[in-house]
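Subject: Handover of a structure, with notes

Dear colleague,

I am passing on the structure below, together with some notes for someone who has not looked at it before. Please have it open while you read.

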Amino acid sequence: MTKLILTGVDGNLGAQAAADLLELAQIQDLVFCGYDQKNLDKYKSMGVAVRQTDFNNADGLAEKFQGGDVLALISMPFVGSKRQNAHKNVIDAAREAGVKKIIYTSLVNADDPTNPSKEKLDHIYTENYIKDSGLDYIFLRNSQYAEAMITNYFTYVKTSGVLTNNQGAGKMAYISRKDCAKAVAYALLATDMHHQILNINGPELMTISDFIRIGNEQTGNNVSYQEVSDEENYAIFDAMGVPRTTDGQFKEGSEAPFSSEGMVTFGQAIREGKMAEHTDDFEKLTGSKPLTVAYMFAHNEDFQIGDRHSKDN
């Protein structure tokens, strides 16, 4: 029997991965970890072993992972040294507890030193730390969540009708967060995969203009696109009350539950062609094709970015 540990089950991605695992695996093989005991209680009532964890604190963390064989580390929602330290705590504790393998949700092109994305710095740090730990691994390098841009699209449906950002004509293979969660579940169960790096991409590369066109076709709206500079994009997020870094204060129910530094440098990376990864790794891992942007727009009520779940600010 292989014991599978899933972290972050009180977040959006983790909760979906938990739902997938409950369909794919035996309950007695699962351990779910999360920050909020209230969210863990519903899994406990199903018979799943649950453990409350705070990755910012290394004390006692290894005890929470005891008995585990494979651990899925869903990347934390803050950016910078705090996230790197939290990930380090998990990896150190996993190794101390005897975990043999880590599944990590990373970012496309994380190892490219010319990629300007602020987010990717934490991901390559974590990938390298896992490699240096001697543990087995599968890195799931995710493309951008389509849900983030679908929510963004409807923000402009309700306002000016002109979606503005700094992505320009750069391309991204937008992937559903639901598919990213499915990839986590299947990677946890992949006993024949070792020391693997997988690109978890949507079915096709497209520009943001292509994305908006598909949205218009599926919803009947008439949003257009206007490219802005990086500094203009920062100003737009400032006006929305979006904090520059994840150390700032986030508005409850924000339609942009990410830091503007992360979003603007991510947009820059797309514009410069640093995120244009497109593989069939998702289909090979899961046996199913990724959801299309057209499908997600047609069922857009099920594909919104949702609330930010970090308990740190």
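This is a predicted model: local features need pLDDT of at least 70, side-chain atom pairs count only at pLDDT 80 or more; totals for chains, interfaces and linings use all residues.

Residues are numbered from 1 along each chain as its sequence is written, and side-chain values use heavy atoms, with hydrogens and water left out.

The sheet

An open sheet of 7 strands runs in the order S3-S2-S1-S4-S5-S6-S8, with parallel pairing; strands are DSSP runs of E with at least two residues, helices are runs of H or I with at least four, and both are numbered from the N terminus, while two strands pair if DSSP finds at least two bridges between them. Its edge strands, each pairing on one side only, are S3 and S8 (196-200), and the twist from one strand to the next averages 20 degrees.

Strands S2 (residues 30-34) and S3 (residues 49-52) run parallel and are joined by 4 bridges, with Phe32 having Val50 in S3 as its bridge partner. Between S2 and S3 the chain passes through helix H2 (residues 37-44), in a β-α-β crossover that is right-handed (with the strands pointing away from the viewer, the path from the first strand over the helix to the second runs clockwise). Strand S1 (residues 4-6) is likewise parallel to strand S4 (residues 70-73), to which 3 bridges join it, and Leu6 stands opposite Ala72 in S4.

The helix pairs

Helices H4 (residues 81-97) and H5 (residues 118-133) pack at an angle of about 20 degrees with their axes 10 Å apart (axes are lines fitted to C-alpha atoms, for helices over the stretch in contact, and angles run from 0 to 180 degrees between N-to-C directions). That angle makes H4 roughly parallel to H5 (angles under 35 degrees count as roughly parallel, over 145 as roughly antiparallel, 65 to 115 as roughly perpendicular and the rest as oblique).

The axes of helices H6 (residues 146-157) and H8 (residues 208-219) come within 11 Å and cross at roughly 65 degrees, and H6 and H8 are therefore roughly perpendicular to each other. In this contact (heavy atoms within 4.5 Å), Ala146, Met149, Ile150, Tyr153 and Phe154 of H6 meet Ile208, Phe211, Ile212, Gly215, Asn216 and Thr219 of H8.
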